[in-house]
Amino acid sequence: GCKRPECLVRSTEGLNDKQLGEGKRWLSFFQLHDKYPFVGYLEGVDSEAWLDSLVEKTLSDAEKLKQSMGEGEYVPEMPLTEFN
């Protein structure tokens with residue numbers, strides 16, 4: 001999928017039925033799959049700001065690495081243990 005900042009939005013506004021169905025398919029995959037159990041909620045963390053910061057950092061790191069590597073697509077790992 002698209003990883004550009006303009007594609008990373010928190011709203012379903014403007015999505016067609018096919019796109020909404022794909023989103024629901026992914027949600028059900030993680031909700032129903034035995035390998036991905038629900039473990040809880042983040043407490044004491046502004047999850048919106050944390051996620052925005054994590055996405056910005058990941059995109060920035062990917063762009064820097066892409067520039068140093070040349071052609072090709074690189075998707076960096078998202079360190080889900082960073083909370084600051």
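Mentor: Among contacts (heavy atoms within 4.5 Å) in the protein chain between residues at least 6 apart in sequence, 62% join residues at least 24 apart. This is a predicted model, in which local features need pLDDT of at least 70 and side-chain atom pairs count only at pLDDT 80 or more, while totals for chains, interfaces and linings use all residues. Residues are numbered from 1 along each chain as its sequence is written, and side-chain values use heavy atoms, with hydrogens and water left out. Of the 84 residues of the protein chain, 6% count as buried (under 20% relative accessible area with a 1.4 Å probe, protein chains only; exposed is over 50%, and partly exposed lies in between).

Turning to the aromatic residues, there are five aromatic pairs, a pair being rings of Phe, Tyr or Trp (its six-membered ring) with centres within 6.5 Å, where planes under 30 degrees apart count as stacked, over 60 as edge-to-face and the rest as tilted. The rings of F29 and F30 have centres 5.0 Å apart and planes at 85 degrees, so this pair is edge-to-face. The rings of F29 and Y36, by contrast, have centres 5.8 Å apart and planes at 50 degrees, and the pair is therefore tilted. F29 is partly exposed at 33% relative accessibility, as is F30 with a relative accessible area of 39%, and Y36 counts as partly exposed at 35%. Together with W26, the residues F29, F30 and Y36 form one aromatic cluster.
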